[in-house]
Amino acid sequence: MQAYYGYADGSGDYFIVIDTDKCNSCGECVSACPSHLFATATDDYGKLVALVPEGLTKKIGYLCPGLERCSKQVKSPCQSVCREQAIRLTW
Amino acid sequence: MIVAGVDIGSRGSKTVIMQDGRMLSYSICETGPESAKSAYLTMNEALKGTVLSLTDIEYVVGTGYGRVLIPFANENISEISCHAKGANWFLPSVRTILDMGGQDCKAINVDEKGRVTRFIMNDKCAGGTGRFLEVMADVLQVPLQEIGPMALQSRENIPFNTICAVFAKSEALSLLKKGTHESDILAGLYSAIATRCHNLLKRISIDSEFTITGGIAKNTGMVKTLEDKLGMKALLAEDPQIAGAVGAALFAAERLAAKQKQGVAS
């Protein structure tokens with residue numbers, strides 16, 4: 001499943017996309033994100049996966065500094081640590 | 001095996017009671033300020049259509065905005081998975097679902113088994129959702145049931161700059177004062193909402209068949225506007241508003257079967 005967490009508003013698109021088929025729930029993204037945007041939990045089909053907790057999805061644009069400011073590299077920390085390449089940001 | 005699905009939405013509360021994959025009864029009520037009360041209300045309404053009482057129901061799955069506050073639910077499951085499962089039960093050929101609820105809008109891709117393959121949700125702002133249409137019906141002083149068919153009579157295309165409830169309300173009011181017909185104002189609003197929904201759908205993939213669930217799917221004018229925008233005909237369930245509750249009841253049946261199997265094994 002491609003899970004889009006976030007929102008789009010006048011200022012842009014702020015979605016963290018997690019591919020739960022690729023995710024192996026290693027939890028690296030949970031500790032890598034400086035804004036603590038990730039958690040692991042069992043989804044509705046019984047698979048343990050990474051996700052963005054409900055209360056945080058509406059604040060992604062403020063909490064996640066995005067690719068440019070979170071890291072000097074091409075990838076943000078969450079993407080860099082994900083060995084399965086299951087995380088994508090839309091902005 | 002008797003199970004139930006209870007969907008406490010932001011505006012409507014729905015209960016579906018099922019026995020062995022067959023729907024026995026369902027109800028739709030307005031959600032009040034207390035989710036627990038609304039849950040009892042909709043459950044009791046649904047029970048009225050049967051000879052059952054709450055104790056006869058072996059497993060209850062709650063879903064929707066108020067799902068954590070249903071006192072008699074055995075478990076709660078997100079409305080995204082429930083809508084996908086429910087829409088798949090009504091219309092197995094559907095691969096794209098647009099759920100237009102009271103306060104949010106979701107686009108979901110679903111596989112042949114009713115599992116979500118992709119989803120995106122917009123719940124940051126309630127502009128262009130069910131509540132928004134209620135407010136607009138109130139501004140135009142048209143009964144909610146009539147705002148759907150009324151827009152179909154529109155003759156003039158009025159572009160709306162916004163679907164922000166606050167701004168659209170004043171825009172609609174000033175148009176009304178200028179003598180613009182209600183049907184044209186509604187058609188303009190639907191067109192703005194359809195554009196926003198189309199943008200949401202574009203992020204997932206728009207595969208046929210396509211359906212709309214949630215209360216707004218009962219608004220014929222809105223459905224027609226969306227169909228024109230997407231260039232696709234929407235298949236509609238018998239009652240699109242209960243898709244989430246049906247999905248929850250189906251999850252309840254699955255969970256109960258798994259538990260019974262486990263009980264036999266141990």
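User: What share of the 91 residues of chain A counts as buried?

Analyst: This is a predicted model, where local features need pLDDT of at least 70, side-chain atom pairs count only at pLDDT 80 or more, and totals for chains, interfaces and linings use all residues. Residues are numbered from 1 along each chain as its sequence is written, and chains are lettered from A and ligands numbered from 1 in the order in which they are written. A residue is buried if 20 or more other C-beta atoms (placed from the backbone) lie within 10 Å of its own, exposed if 12 or fewer, and partly exposed in between. By that test, the buried share of chain A's 91 residues is 34%.

User: Which order do the elements of chain A follow from the N terminus on?

Analyst: Helices (H or I, at least four residues) and strands (E, at least two) are DSSP runs, numbered from the N terminus. Chain A has four helices and five strands. Read from the N terminus, they go β-β-α-β-β-α-α-α-β.

User: Is A:Ile16 buried or exposed?

Analyst: A:Ile16 sits in strand β2 (residues 12-19) of chain A. Counting two residues as in contact if their C-beta atoms, placed from the backbone, lie within 7 Å, and skipping residues up to four places away in sequence, A:Ile16 touches A:Tyr5, A:Gly6, A:Leu37, A:Val52, A:Ile60, A:Cys64, A:Ile87 and A:Leu89. Since 27 other C-beta atoms lie within 10 Å, A:Ile16 is buried.

User: On to the other chain. How many residues does the contact take from chain B, and how many from chain A?

Analyst: For the complex, the predictor gives a pTM of 0.92 and an ipTM of 0.87. The contact takes 13 residues from chain B and ten residues from chain A.

User: Which element gives the most to the side of chain B that touches chain A?

Analyst: By class, that side of chain B has five nonpolar, four polar and four charged residues. Here Ala, Val, Leu, Ile, Met, Phe, Trp, Tyr, Cys and Pro count as nonpolar, Asp, Glu, Lys and Arg as charged, and the others, Gly among them, as polar. With six residues, the element that gives the most is strand β8 (residues 116-122) of chain B.

User: Where do the centres of domain 1 and domain 2 of chain B lie, in terms of the distance that separates them?

Analyst: The bounds come from an automatic or database domain assignment. Chain B divides into domain 1 (1-91 + 237-266) and domain 2 (93-236). Taken over C-alpha atoms, their centres are separated by 26 Å.

User: Which element makes up the largest share of the side of domain 1 of chain B that touches domain 2 of chain B?

Analyst: Across this boundary, 17 residues of domain 1 of chain B are in contact with 27 residues of domain 2 of chain B. The domain 1 side splits into eight nonpolar, seven polar and two charged residues. Its largest share, eight residues, comes from helix α2 (residues 79-90) of chain B.

User: Which residues have the most contacts inside the largest nonpolar core?

Analyst: A nonpolar core is a set of buried Ala, Val, Leu, Ile, Met, Phe, Trp, Tyr and Cys residues joined through C-beta atoms within 7 Å. The largest one has 103 residues. Domain 1 and domain 2 of chain B both give residues to this core, so it lies between them. The residues with the most contacts inside the core are B:Val6, B:Ala249 and B:Ala252.

User: What does B:Leu189 touch, not counting residues up to four places away in sequence?

Analyst: B:Leu189 is placed in helix α6 (residues 182-203) of chain B. It counts as buried, with 27 C-beta neighbours inside 10 Å. Its contacts are B:Met136, B:Phe160 and B:Ala168.
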